[in-house]
Amino acid sequence: MKFKAGRGTKIMFWTDHWCGNEALSQAFPQIFALAVCSNESVNDVWDPRFGQGGWNLRLVRDSNDWELVLIEDLLFLLRGIKVTPEEDSVLWKVVRTLWEIAFALFGVQWVFPEKKSVVVAVDRLFHNKLFNRYVKRTSKFMAHDEHNLCNIGDRVRLDPSRPLSKHKHWVVAEILKKARIYVPPEPITKTQDLAPPSSS
């Protein structure tokens, strides 16, 4: 899962994957260790006072010579990327087959009405070239359901959100398909069973 930065208010600069092939904290661990704030957003690091805007890395101390090389590499990676008025979005991996599309739907697995929370499972099929077969992988996300409208089995669409709790960074944006809930028929009483058929 990768983020696309717009305003940058909902994406963590260091810990979210939004630039390059991995999170910046993993690509540049030495610079991440010097960061003043490890939880600052992309918008916090962007400084509009630098001409047309630029990246202002706030570090706890002055950099050594070998660290300056890493900072140059980081700024080179950020070249051409800037904060825009658009909303932040999520870039999901493009599915290539109908089976992958079918298994890429979000399915609600658990509902916690008292906490306005749901656990959403994302199933995907990956082709294993070694064994020449498809393998299903499941990821689970906790999302905020403000009006407690979700039920187990619903198909929903999620949007990224600011951290609402330790594990909740998503909100339910739309219920795409409601789950069919089985309602058992009412039991037939003896009076109904012995009643004569009505004459027409």
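Asn 148 is partly exposed, because its relative accessible area is 34%, between the 20% and 50% cut-offs. This is a predicted model, so that value is computed from predicted coordinates. Asn 148 sits in the loop that links β7 to β8. Its phi is positive, about 50°, although the residue is not a glycine. For background, most residues other than glycine have a negative phi.

Next, helix α4. It runs over residues 65–77, and at 1.5 Å a residue its 13 residues should span 18 Å; the C-alpha atoms at its ends are 19 Å apart, which agrees. Which residues of α4 are buried? They are Glu 67, Leu 70, Ile 71 and Leu 74. These four cover an arc of only 100° around the axis, so they lie on the same side of α4. In general, residues three or four places apart in an α-helix point the same way, because there are 3.6 residues a turn. Asp 65, Glu 72 and Phe 76, on the other side of α4, are exposed. The cover over the buried residues includes α1 (24–27) and α2 (29–32).

Now the core. The largest nonpolar core holds 31 residues, and Trp 14, Trp 55 and Leu 74 are among those with the most contacts inside it. At least two core residues come from each of α3, α4, β6, β7, β8 and β9. Domain 1 (2–89) and domain 2 (117–177) both contribute, so the core lies between them.

Last, Trp 55. Neighbours within four places in sequence aside, its contacts include Phe 13, Trp 18, Trp 46, Leu 75, Leu 78 and Lys 82.

Notes
Residues are numbered from 1 along each chain as its sequence is written. This is a predicted model: local features need pLDDT of at least 70, side-chain atom pairs count only at pLDDT 80 or more; totals for chains, interfaces and linings use all residues. Side-chain values use heavy atoms; hydrogens and water are left out. The expected span of a helix is 1.5 Å times one less than its number of residues. Buried means under 20% relative accessible area, exposed over 50%, partly exposed in between (1.4 Å probe, protein chains only). The arc is that of the directions from the helix axis to the C-beta atoms. Contact means heavy atoms within 4.5 Å. A nonpolar core is a set of buried Ala, Val, Leu, Ile, Met, Phe, Trp, Tyr and Cys residues joined through side-chain atoms within 4.5 Å. Domain bounds come from an automatic or database domain assignment.
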